[in-house]
Amino acid sequence: MKIAFHGAARNVTGSKHLVTLNNGTKILLDCGMFQGMGQETDEMNSEFGFDAAEVNFLILSHAHIDHSGLIPRLIAQGFKGVIFGTQATKELSKILLLDSAKIQAGDLKYENKKRQQRGLPPEKALYEEEDVLSTMEYFVAVDYQNPTRLTDGVTLQFIDAGHIIGSASVNLTIVEDGKTTQLCFSGDVGQYGDLLLRSPQEFPQADYILLESTYGDRLHKDAQPTEEAFLQVILKACVEKKGKVIIPAFSVGRTQELLYILNNLDL
Ligand SMILES: [Zn+2]
């Protein structure tokens with residue numbers, strides 16, 4: 001077995017890890033979009049660095065765009081296999097990929113206006129709404145814990161990673177040439193004691209673990225004092241000064257948590 005990292009290496013987006021078995025079977029773990037602005041990011045998103053048509057299976061750890069955002073492009077470039085994710089990941093991916101197509105269309109409209117003024121040909125989006133809708137036909141939903149056979153000698157098991165709804169660690173049992181290898185791809189791992197989600201569940205023992213680390217060198221704050229500080233900010237800005245609080249927050253995960261905390265605050 002060989003593993004090649006085509007994203008989320010030396011940066012924290014574009015998660016894409018290609019497992020190639022000795023018999024040639026190719027399993028892609030996540031198919032994320034590199035996020036950022038500018039030509040360099042555009043170029044990173046336009047080439048996979050492998051042949052999409054040769055990939056047999058795509059296993060999706062969760063729906064965040066930095067893990068799922070290039071799936072429609074994978075299909076446009078020839079992928080004809082099966083996409084595995086939990087039911088919630090499947091449903092949320094549709095919402096997020098449609099949103100991604102809409103954002104790209106909006107950005108391009110502005111960008112192409114500028115290009116036209118400079119006499120340059122228009123650029124195309126990575127994918128459009130209809131590409132997302134046809135992508136959904138490739139999805140097969142798999143329950144947490146439930147071992148699922150992909151092909152001879154390859155079994156998949158999703159374990160709840162407690163990161164966003166539907167998120168999972170991907171656990172593969174691979175038997176090749178009489179040898180069994182346990183491979184775990186953690187996906188993004190959530191925190192213990194989250195307000196809305198289950199805590200990350202233990203995954204099976206593994207021979208190899210692929211683990212991305214964004215906040216690996218930081219300790220998360222205890223949530224209780226943060227809620228109290230949040231309440232004080234809101235009281236001061238909205239009640240005392242009659243102003244507004246504008247909160248930049250991730251649209252999936254953080255925003256739901258913020259709304260939940262706001263609803264529970266003792267105002
Ligand atoms: Zn994530």
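**Chat about strands, a zinc site and aromatic pairs**

Q: Hi! Let's start with Phe84: which residue in β6 is its bridge partner?
A: The bridge partner of Phe84 in β6 is Val140. Keep in mind that we are looking at a predicted model.

Q: Noted. How do β5 and β6 pair, parallel or antiparallel?
A: They pair in the parallel sense, and three bridges connect β5 with β6, which covers residues 139-141.

Q: And which strand do three bridges join to β5 in residues 82-85?
A: That is β4, residues 57-59, and β4 and β5 run parallel. Within that pairing, Leu58 has Ile83 of β5 as its bridge partner.

Q: Back to Phe84, then. Which aromatic residue does it pair with?
A: Phe84 forms an aromatic pair with Phe57. The centres are 6.2 Å apart and the planes make an angle of 35°, so the pair counts as tilted rather than stacked, for which the planes would have to be under 30 degrees apart.

Q: Why does that pair tie together separate parts of the chain?
A: Phe57 sits in strand β4 and Phe84 in strand β5, so the pair links parts that are 27 residues apart in sequence.

Q: Where do Phe79 and Tyr138 lie?
A: Phe79 is in the loop between α3 (71-76) and β5, while Tyr138 is in the loop between α5 (129-135) and β6, so this pair ties together parts 59 residues apart in sequence. Phe79 counts as buried at 1% relative accessibility, whereas Tyr138, at 24%, counts as partly exposed.

Q: Switching to the metal: which residues coordinate the zinc ion?
A: His62 through NE2, His64 through ND1, His163 through NE2 and Asp188 through OD, at 2.2 to 2.3 Å. Along the chain the donors follow the spacing H-x1-H-x98-H-x24-D.

Q: And why does the site of the zinc ion count as irregular, with its four donor atoms?
A: The angles among the donor atoms run from 90 to 165°. A tetrahedral site needs all angles between 85 and 135 degrees, so the 165° end rules that label out.

Q: Where in the fold do His163 and Asp188 sit?
A: His163 is in the loop between β8 and β9 (168-176), and Asp188 is in the loop between β10 (179-185) and β11, so the pair ties together parts 25 residues apart in sequence. His163 counts as partly exposed at 22% relative accessibility, while Asp188 counts as buried at 18%.

Q: Do β7 and β8 run parallel or antiparallel?
A: Antiparallel, with three bridges joining β7 to β8 (residues 154-160). Thr148, for one, has Leu156 as its bridge partner in β8.

How values were computed
Residues numbered from 1 in each chain as written. Predicted model: local features only at pLDDT ≥ 70, side-chain atom pairs only at ≥ 80, totals over all residues. Heavy atoms only, no water. Pairing = 2+ DSSP bridges. Helix = DSSP H or I, 4+ residues; strand = E, 2+ residues; numbered from the N terminus. Donors = N, O, S within 2.8 Å, 3.2 Å for Na, K, Ca; no water. Tetrahedral: all angles 85-135°; square planar, octahedral: opposite > 155°, others 65-115°. Buried < 20%, exposed > 50% of the residue type's maximum accessible area, 1.4 Å probe, protein only. Phe/Tyr/Trp six-rings, centres within 6.5 Å; stacked < 30°, edge-to-face > 60°.
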